Amino acid sequence: MSVLTRDEAQTRARLLDVHRYTIELDLTTGEDTFDSRTVIRFTARADADTFVELKPAELRSVTLDGHPLDPERLVENRLPLPGLTAGEHELRVDASMRYSRTGEGMHRFTDPTDGETYLYTQLFMDDVQRVFAAFDQPDLKSVFDLTVTAPEGWTVLANGITEHLGEGRWQAAPTPLISTYLVAVAAGPWHSIRTEHRGLPFGIHCRRSLAPHLDADAEEILDITRQCYDRYHEKFEEPYPFDSYDQAFVPEFNAGAMENPGLVTFRDEFVYRSAVTDTERQTRGMVIAHEMAHMWFGDLVTLQWWDDIWLNESFAEYMGYQTLTEATRFTDTWTDFGVVRKAWGYDADQRPSTHPVAPENVDDTASALLNFDGISYAKGASALRQLVAWLGEKDFLAGINTHFARHKFANATLADFIDSLASGTERDVHAWADAWLRTTGVDTLTPTVTRADDGTYSLTVDRAGSRPHRITVGLYDQDPGDQGRLTLRERLDLDVPQSEPQPIGKRPVLLLLNDGDLTYAKVRFDPDSSDAVRTSLSGLPEPLTRAVVWNALRDAVRDGQLPASAYLDAARAHLPHETDLALVQGVLAFSSAQVADRYLTPEARPIALSTLTALCRDLIRRTEDGSNPGLRLIAVRHFIDVAAHPDTIAAWLAEGTVPGGPELDPELRWRVLARLAVLGATDEPAIAAELARDPSATGQEGAARCRAALPDPEAKRTAWDAMFTTDDLSNYLFTATAQGFWQPEQADLVREYVPRFYEDAVALATRRGPAMADAAGRWAFPAHAVDPETLRLGEECLRDADLTPSLRRKLVDQLDDLGRALRVRGVQFSPSGM
């Protein structure tokens with residue numbers, strides 16, 4: 001497939017003005033394909049040649065201004081339009097298009113629970129070509145007029161309000177000017193809940209088998225939607241720019257959500273069919289807030305080219321967390337951001353694949369797709385949070401509103417955004433942007449505390465890096481009434497680099513840089529503060545402060561400055577006293593998935609699992625009185641995941657409950673069965689019986705995960721063939737199978753598959769495209785195999801194989817993480833400089 005280059009897009013944008021797409025989709029033509037008829041009305045500003053994009057199963061006919069074009073001239077995904085003359089034109093395309101099972105284009109899903117079928121589009125980047133012919137680039141905005149023919153009994157949702165015309169035909173209201181990648185359709189026998197807010201139609205939708213679960217949470221989802229909508233109208237002078245606001249929870253969705261104007265699509269795991277923690281509900285709320293922010297930043301004002309993807313994602317990420325905090329009951333969202341999202345950004349920014357928040361070298365769409373990562377989301381949001389701390393929220397919002405006014409229903413660049421911000425402040429926003437948005441890597445801030453002759457102390461912060469930082473320094477003293485607690489004496493605002501040392505008075509027990517987590521940097525401790533962290537971490541009064549400390553410990557482990565076992569010791573000592581769910585979840589996840597599974601040697605892993613088991617047992621005992629069901633649920637989940645012996649969790653499964661609760665809902669039952677499979681304590685008949693009990697799509701994924709986890713050579717062969725040979729697995733079933741396949745306990749059993757991964761993943765990525773390449777690189781990589789041979793094989797693959805861009809990026813990242821794990825273990829190797 002030909003990818004669109006920046007130069008081609010700029011040339012075509014200078015030539016064309018696209019006015020309207022009239023699209024007719026017929027979804028009644030069979031299970032494999034659908035019909036797509038498109039009329040594009042556009043103006044050419046000069047005599048020239050150009051092209052339109054399309055990926056059809058069959059191209060039946062094309063006419064340009066009433067004159068037929070030869071369908072055989074379609075090469076890969078490009079149909080030439082030669083000899084255009086200056087003036088008005090009309091292009092008509094009639095094609096048959098393929099449904100997808102990989103979450104790209106028009107995805108088709110049949111619910112195993114009830115046999116109902118659902119379709120939805122995911123057209124991001126360049127997948128609109130899988131649904132209808134288009135001049136597919138973000139700066140050729142147009143009006144889209146859509147008609148859909150669907151089976152009787154279905155509902156069709158789209159960017160605008162839809163009307164049923166009878167006989168399965170649906171007409172969507174024409175859109176305002178939007179980009180091709182933002183067009184959206186969702187069709188099926190949806191369960192819908194509709195309401196109205198401030199005169200605007202609101203709706204939430206899911207497949208029918210999830211109806212009871214959506215009904216149970218409908219008021220919470222709609223409350224958050226209303227609260228965020230109202231708060232954005234307080235922040236933004238430009239009103240919501242579309243005619244309705246629908247939120248559809250769709251199956252087998254590759255992303256968390258997609259900001260289609262007027263029809264946001266979410267992965268339907270956000271319709272909870274099992275118990276969840278309040279932090280998970282907060283995450284759902286944040287995604288709702290994030291996608292709504294896109295209605296202004298991304299949809300109303302859209303990037304001109306994909307080098308400015310951070311303008312979409314960083315802004316929505318920052319606004320999602322900040323607005324949820326301001327408008328809803330979830331007031332501690334930045335703690336979760338610090339634990340989960342920021343760590344994602346730090347990790348991505350220290351790999352060879354790092355890039356600036358605002359890169360300058362995004363030459364084509366394939367390169368752009370690689371930048372949807374922790375840098376464009378978490379680092380960019382962190383940079384904006386630092387910008388607000390430096391600029392002040394009033395001036396920041398003034399600049400944002402100037403930006404909307406200047407560029408609404410149009411496109412904008414980084415330069416446009418910075419000019420808008422600069423218009424409302426005396427500060428040098430352009431210099432800030434150069435330092436923060438055009439550079440890579442994570443700065444490290446290290447304190448030095450110096451005693452003066454008069455007995456007072458001063459602070460000097462050493463910066464390894466180049467960015468200016470405005471930080472808060474927390475000074476903590478021992479609580480005289482409780483030796484395990486620390487009390488805040490003072491918070492000092494500090495600009496780094498400093499002009500002179502900062503006086504701090506008497507020596508604090510703990511000095512914490514970046515208290516409040518307002519900048520993006522790794523922080524270290526002075527020796528006395530390190531001792532205080534070791535003894536009194538859980539005694540810090542605020543969860544966001546504790547998050548900064550836990551992140552500092554995490555970074556120290558990854559950088560080889562703190563033994564991985566010392567992190568486990570800190571978790572064992574302090575997590576039993578932790579009250580914040582995001583912190584408990586984050587620390588346990590890092591302790592098990594990274595420390596126990598990768599950073600410690602196989603010989604040390606059993607002790608680590610024993611430590612984590614004891615820690616989770618303590619948390620379970622602590623919550624026996626029912627006072628904190630969320631904490632208990634986290635502890636039960638992780639107890640299952642780290643169980644080294646099957647007896648306890650097998651008894652839970654047999655009884656259907658954990659003693660004292662919770663009862664085992666479908667998620668917990670599949671989690672227990674998966675761990676029993678790893679330990680060789682269940683079998684195929686038990687998996688089949690559980691699937692009969694829960695035949696849902698999630699049950700199908702649970703069964704696939706369990707079957708792949710069985711410590712049996714035939715089970716491993718079957719799972720491998722399903723992933724890499726038959727191409728029958730959907731994106732979600734592939735991921736579930738991959739998650740079950742590799743297990744640290746089964747390293748000898750699957751050793752032969754480590755070299756096979758590289759060859760088979762390369763072939764899969766070529767056959768099945770970017771989404772499956774991403775899944776293979778992320779989930780099917782042998783991450784447990786922390787040894788120099790795995791690294792050597794991977795480096796050889798990077799050097800010699802013809803890799804798709806998405807798989808290459810994933811392998812670069814995985815191999816860098818593998819090299820880091822080897823360094824943490826102290827194993828010597830010679831990297832090839834990948």
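## Local geometry and packing in a predicted model

Glutamate 76 is placed in the loop between β5 (67-69) and β6 (78-84), where helices (H or I, at least four residues) and strands (E, at least two) are DSSP runs numbered from the N terminus. This is a predicted model, in which local features need pLDDT of at least 70 and side-chain atom pairs count only at pLDDT 80 or more, while totals for chains, interfaces and linings use all residues. Residues are numbered from 1 along each chain as its sequence is written, and side-chain values use heavy atoms, with hydrogens and water left out.

| Site | Backbone angle | Loop |
|---|---|---|
| Glutamate 76 | positive phi, about 55° | β5 (67-69) to β6 (78-84) |
| Aspartate 517 | positive phi, about 60° | β27 (510-512) to β28 (522-523) |
| Proline 662 | cis bond with glycine 661, omega about 5° | α17 (647-655) to α18 |

Aspartate 517, which has a positive phi although it is not a glycine, counts as buried because its relative accessibility is 5%; buried means under 20% relative accessible area, exposed over 50% and partly exposed in between, with a 1.4 Å probe and protein chains only.

Arginine 669 lies in helix α18 (residues 666-678) and is also buried, at 9% relative accessibility. Leaving aside residues up to four places away in sequence, arginine 669 touches Leu653, Gly656, Leu664, Glu690 and Arg693, a contact being heavy atoms within 4.5 Å.

In helix α10 (residues 429-437), the buried residues are Val429, Trp432, Ala433, Ala435, Trp436 and Leu437, and they pack against α4 (309-327), α7 (375-391), α9 (414-422) and β24 (469-479).

The axes of helix α13 (residues 564-574) and helix α14 (residues 581-599) come within 10 Å and cross at roughly 150°, so α13 is roughly antiparallel to α14. Axes are lines fitted to C-alpha atoms, for helices over the stretch in contact, with angles from 0 to 180 degrees between N-to-C directions; angles under 35 degrees count as roughly parallel, over 145 as roughly antiparallel, 65 to 115 as roughly perpendicular and the rest as oblique. From α13, Ala564, Tyr567, Leu568 and Ala571 meet Val587, Phe590, Ser591, Val595 and Tyr599 of α14.

A search of the whole structure finds 0 disulfides, defined as pairs of cysteine sulfur atoms within 2.5 Å. Cysteine 616 is buried, with a relative accessible area of 0%, and its sulfur is too far for a bond because the closest cysteine sulfur, in cysteine 706, is 20 Å away.
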